[in-house]
Amino acid sequence: MSRVPDSQIAIVSTLTTSDNHLTKIRSFLFGIFATNMQRLKHYTIPIFTPEMACPFQCVFCNQQKISGHLQNPDFREVTDTIRKYLSSFKAGEKQVEVGFFGGTFTGISADIQEGYLKTVQPFLDSGEVHGIRLSTRPDYIDDEVLTRLKEYRVSTIELGAQSLDNTVLQAARRGHSVQQVEKAAALIRAAGFDLGLQMMIGLPDDTLEKALATAQKIIDFGASNTRIYPTLVIKGTVLHRWYEQGKYKPLSLEEAVVWSKQLLLKFEKAGLRVIRLGLHPSEGLLDGSEWVAGPFHPSFRELVLTEIWHDLLKPLIDNVGTNGRVGTNGRLRRIEIEVPPSEINYAIGYGGKNRKILLEHFQNVKFIQNTALSGRNFKVKDNV
Ligand code: SF4
């Protein structure tokens, strides 16, 4: 099944219908799926369709949890959920997608797939929804499947690649090969769909080199977007057993941040959109009832962006001169750093980390938003 690891699904999949749940998921929706792309707000309405019987046994996945707690939403619920989300969006230009996540969508029976896809058609006709995305396994893609998805105007297909190294896939017991991902990706692209390829880092046998090679293959296979999930040890999984037996050691949080930083920069350079970095902080992860070990942090993306800005700002420290506190004219040095508004939190750093580091070298450090700047460009005024 191509999907975010189950710990994430376990929480968000319960958030499909009720008002109470809708309120909870709004922050998830706006915080995670809403991105500002060229002044167009982009929203994905998530519908979770967990499959009850999965024939695989990926080592990081707790299937019991999936089948024990999750229900597939019925078609009426899906319609209601879409309506509720649409009514909660702010006015203004936006791009709205409905996303079927959490299960091997193309592994469920054809009539149920069609039933789900039919629920979205009236919203596509009315122009309230502009596309459909779904996630599935690479070995559940063929011409017949793609013809059906085309007929129902699916625009994006995400495949859970997890790794594009066969030794890592085997160690994770994924049940598919790199070659199958490559073939499925080619079919998807040839049929005119937008392609997403998800990856995990820190699976058994994984290394930074293999993760970077996986990222390169994701680029080469023609994906336009990706998600990066650090592997966590979740209760009841094979990894949990291996962890307790000392056979598996997860990445530390620091390692996961450093790996992700390199991956994010690589994807950005190639023009891929990294939709998700780190697991959604579900209740089971936050309260530790599901999470045993591994690099979980509720603000994982922010940690990674903090490190990217740390690297950008480091030359300021390296060039500070004298004892670091006194400028060439003998005055205490002050520094102002102008950054794009969307980057200011990351420039300052999670918990003010980058600002604190700079304050060890400068008397005064001020971050200022400059709307004329974009990307991660910044301007520095020294000794102001
Ligand atoms: S075992 Fe693998 S394929 Fe099956 S639900 Fe879990 S992650 Fe998906």
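Trainee: Where does arginine 153 lie, and why is arginine 153 called partly exposed?

Mentor: Arginine 153 lies in the loop between α6 and β5; helices (H or I, at least four residues) and strands (E, at least two) are DSSP runs, numbered from the N terminus. Arginine 153 has 15 other C-beta atoms within 10 Å. A residue is buried if 20 or more other C-beta atoms lie within 10 Å of its own, exposed if 12 or fewer, and partly exposed in between, with C-beta atoms placed from the backbone. Arginine 153 is therefore partly exposed.

The model is predicted: local features need pLDDT of at least 70, side-chain atom pairs count only at pLDDT 80 or more, and totals for chains, interfaces and linings use all residues. Residues are numbered from 1 along each chain as its sequence is written.

Trainee: What is the phi of arginine 153?

Mentor: Its phi is positive, about 60 degrees, although arginine 153 is not a glycine. Most residues other than glycine have a negative phi.

Trainee: Where is aspartate 205 placed, and what is its phi?

Mentor: Aspartate 205 is in the loop between β6 (194-201) and α9 (208-220), and its phi is near 75 degrees, a positive value in a residue other than glycine. With 15 other C-beta atoms within 10 Å, aspartate 205 is partly exposed.

Trainee: Why is strand β4 (residues 131-136) said to be largely enclosed by the rest of the structure?

Mentor: Five of the six residues of β4 are buried, so the strand is largely enclosed.

Trainee: How do you know that β4 pairs with β3 (residues 94-101) and with β5 (residues 154-162)?

Mentor: Two strands pair if DSSP finds at least two bridges between them. Four bridges join β3 to β4, and five join β4 to β5; β3 and β4 run parallel, and β4 and β5 pair in the parallel sense. Glutamate 97 stands opposite glycine 131 in β4, while arginine 133 stands opposite threonine 156 in β5.

Trainee: What makes a crossover right-handed, and through which helix does the chain cross from β4 to β5?

Mentor: With the strands pointing away from the viewer, the path from the first strand over the helix to the second must run clockwise. The chain crosses from β4 through helix α6 (residues 143-151) to β5, and this β-α-β crossover is right-handed.

Trainee: Why do β12 (364-369) and β13 (379-382) count as edges of their sheet?

Mentor: The open sheet has the order β12-β11-β13, with mixed pairing. β12 and β13 each have a single partner strand, so one side of each is left without a neighbour in the sheet.
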